[in-house]
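Morning, everyone. I'll walk you through one structure. Have a look at it first.

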Amino acid sequence: MGSEVIYGYVRVSTKEQNEDRQLIALKEYGLTPGQIFMDKLSGKDFNRPAYQRLVKRLKPDDVLVVMSIDRLGRNYSEILDQWRVITKEKNADIVVLDMPLLDTRKNHDLTGTLIADIVLQLLSYVAETERDFIRKRQAEGIAAAKARGVHFGVRAKPRPEEYEQIKSLWQGGGLSARTAARQLNVCHKTFLRWANETPTV
């Protein structure tokens with residue numbers, strides 16, 4: 001002991017802007033920018049190059065500090081898998097700042113390890129259940145909104161005031177569809193779609 005190295009890990013997506021919160025927590029713990037690895041992910045991309053470099057660097061008795069347990073993975077099984085890799089394969093320690101029970105430096109005895117494993121599994125399960133619940137509620141909300149007639153996506157382009165007049169000229173053969181579209185300042189396909197959506201005069 002005494003030669004261990006402490007690292008911090010931060011993970012943020014483009015949707016969640018808690019990068020500063022995580023960095024502040026790690027710096028308050030005593031870490032310097034040079035000890036912190038960070039991944040910024042977008043959408044479904046979960047290729048975490050900084051995390052992979054960090055795990056490769058971990059040696060026995062090194063310490064990995066994260067703000068919350070969900071920084072280790074996207075779901076219950078991934079979090080448990082990463083915990084196993086770090087604590088069992090790498091023989092390194094993990095400190096979870098917002099859950100003091102998850103500090104493996106204090107729990108090297110059998111009882112402490114058992115408590116940490118139970119807490120970890122419970123937290124991971126709760127986190128995943130909460131995400132599933134949020135997804136389900138979002139899907140139910142969208143379905144209910146559609147049932148009320150709410151439309152999602154790009155709002156339909158409104159027809160100009162002169163649309164009916166120009167459409168009548170087109171129907172009478174006085175204008176081609178392309179000329180009618182040009183006069184209405186829309187594309188040819190939009191004009192034809194409008195004409196097919198509305199009853200002919």
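Which residue in strand 2 is the bridge partner of Arg11? Asp39.

Before going on, some ground rules. This is a predicted model, where local features need pLDDT of at least 70, side-chain atom pairs count only at pLDDT 80 or more, and totals for chains, interfaces and linings use all residues. Residues are numbered from 1 along each chain as its sequence is written, and side-chain values use heavy atoms, leaving out hydrogens and water.

Confidence next. pLDDT is the predictor's confidence in each residue, from 0 to 100. The protein's mean is 83, with 86% of residues at 70 or more. Helix 4 (residues 110–147) is lowest, at a mean of 77. Strand 3 (residues 63–66) is highest, at 96. Helices (H or I, at least four residues) and strands (E, at least two) are DSSP runs, numbered from the N terminus.

Four strands form an open sheet, order 2-1-3-4, with parallel pairing. Strands pair if DSSP finds at least two bridges between them. Strand 2 (36–41) and strand 4 (93–96) are the edges, each pairing on one side only. Six bridges join strand 1 (residues 6–13) to strand 2.

Last stop, Asp103. Where is it? In the loop between strand 4 and helix 4. Asp103 counts as buried because its relative accessibility is 5%; buried means under 20% relative accessible area, with a 1.4 Å probe and protein chains only. Leaving aside neighbours within four places in sequence, Asp103 is in contact (heavy atoms within 4.5 Å) with Ile94 and Val95.

How values were computed:
Buried < 20%, exposed > 50% of the residue type's maximum accessible area, 1.4 Å probe, protein only.
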